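Biologist: I'm new to this one. Can you show it to me and walk me through the ligand site?

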Amino acid sequence: MVTIGDLTFEIFITDEELLQETASLGMQLSADYAGKELVFIAVLNGAFMFASDLLKNVSIPAEISFVKVSSYTGLTNSEEIKELIGLNTNIQGKHVVLIEDIVDTGNTIDKLLVSLEKENPLSVKVCTLLYKPEAFKGVNKPDYVGFSIPNAFVVGYGLDYNDLGRNLNAIYQLKKEE
Ligand code: IMP
């Protein structure tokens, strides 16, 4: 168990399970994109640890780039605006795999995909470590999923609670009330 601020979390996905799944995803991507011009784009901060383990298992040549998402509220409406920042790789005419830590409502990947499509890539697919199908309300479902999980808050392995917990080497979920 780990305590972060006011909350207690219990183990949910172990480091062995994470390494096994990242290896399997890496091999699958290597097979699917063999012979193609490929760019991986990992979304910081959450995907840093997943991207690292995943990419160690990719055996084909590929470019690797990192982006961030800045979120802000528009002046004239209450909609949250998400902007892709830091894409300094030319993806025109290339295949892109977006690496995410978690797809929850799907809002973030929907916005990122619209931004990336403007750069005229050949294709864009999403590879996420975690996916919460019950929370998903988006348009684009993730193409590669490590683990589909229930709609509960998780931390560790890149994911944070109030900016803490990203360094944990496993995934923890909020402890259930006894
Ligand atoms: P979405 O736009 O609702 O799909 O949310 C995606 C983002 O919300 C992720 O990249 C995370 O930063 C954050 N998020 C969603 N669920 C969790 C969670 O259970 N733990 C930590 N962060 C989460």
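Modeller: We'll start with the ligand, then turn to a few features elsewhere in the chain. This is a predicted model: local features need pLDDT of at least 70, side-chain atom pairs count only at pLDDT 80 or more, and totals for chains, interfaces and linings use all residues. Residues are numbered from 1 along each chain as its sequence is written, and side-chain values use heavy atoms, with hydrogens and water left out.

Biologist: Which residues come nearest to the ligand?

Modeller: Asp104, Thr105, Thr108, Lys132 and Val154, out of 15 residues around the ligand. A residue counts as near if one of its heavy atoms lies within 4 Å.

Biologist: What classes are in that shell?

Modeller: Six nonpolar, four polar and five charged residues. Here Asp, Glu, Lys and Arg are charged, and Gly goes with the polar ones.

Biologist: Which strand gives the most to the shell?

Modeller: Strand 6, with four residues. Strand 6 (95–103) and helix 3 (107–117) each supply at least two. Helices (H or I, at least four residues) and strands (E, at least two) are DSSP runs, numbered from the N terminus.

Biologist: What about polar contacts, N or O pairs within 3.5 Å?

Modeller: A polar side-chain atom of Thr105 lies 2.5 Å from a ligand oxygen. For the side chain of Lys132, the distance from an N or O atom to a ligand oxygen is 2.9 Å. For Asp101, that distance is 3.1 Å.

Biologist: How much of the ligand does the protein bury?

Modeller: Taken alone, the ligand exposes 500 Å², and the protein buries 79% of that. Those areas come from the Shrake-Rupley method with a 1.4 Å probe.

Biologist: New topic. How many salt bridges are there?

Modeller: Five. Each is a side-chain nitrogen of Lys or Arg within 4 Å of a carboxyl oxygen of Asp or Glu. Among them is Asp53 with Lys56, with the closest N and O atoms 3.2 Å apart.

Biologist: How are those two placed in helix 2?

Modeller: They are three residues apart in helix 2 (residues 48–56), so about one helical turn separates Asp53 and Lys56.

Biologist: Which peptide bond is cis?

Modeller: The one from Leu44 to Asn45, with omega near 0°. Asn45 lies in the loop between strand 3 (38–44) and helix 2.

Key. A polar contact is a pair of N or O atoms within 3.5 Å; within protein, one must be able to donate a hydrogen and the other to accept it, and residues adjacent in sequence count only if both atoms are side-chain atoms.
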